[in-house]
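User: I would like to learn how to read aromatic pairs and surface patches. Please take me through an example.

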Amino acid sequence: MTKKALIITGIGVVIGALAGYLYYFYVGCSSGTCAITSKPLNSSLYGAVMGGLLFNMFVKSSKKS
């Protein structure tokens with residue numbers, strides 16, 4: 001991976017983690033039995049993975065000939 005690709009993916013991870021925590025904080029799980037949204041760490045990690053994957057889609061791959 002290039003430096004630019006790492007930066008873009010890193011930004012996605014940070015934004016995803018923040019979005020995951022905000023989802024936990026505002027929506028969450030009232031019963032505590034939800035696997036992802038029952039704890040802020042789970043929700044943030046899930047958001048970080050999804051954000052990294054989403055932003056990684058926008059990285060252009062180099063063509064080797």
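User: How many aromatic pairs does the structure hold?

Analyst: Rings of Phe, Tyr and Trp (its six-membered ring) pair if their centres lie within 6.5 Å; planes under 30 degrees apart count as stacked, over 60 as edge-to-face and the rest as tilted. The structure holds three such pairs. In one of them, tyrosine 21 and tyrosine 24 are tilted, at 6.0 Å centre to centre with 45 degrees between the planes. This is a predicted model, where local features need pLDDT of at least 70, side-chain atom pairs count only at pLDDT 80 or more, and totals for chains, interfaces and linings use all residues. Residues are numbered from 1 along each chain as its sequence is written, and side-chain values use heavy atoms, with hydrogens and water left out.

User: Is the pair of tyrosine 21 and phenylalanine 25 stacked or tilted, and why?

Analyst: Tyrosine 21 and phenylalanine 25 are stacked, because their ring centres are 6.3 Å apart and their planes are at 25 degrees. Ring pairs link Tyr21, Tyr24, Phe25 and Tyr26 into a cluster.

User: Is phenylalanine 25 buried or exposed?

Analyst: Buried means under 20% relative accessible area, exposed over 50%, partly exposed in between (1.4 Å probe, protein chains only). Phenylalanine 25 has 52%, so this residue is exposed. Tyrosine 21, at 36%, is partly exposed, and so is tyrosine 24 at 26%.
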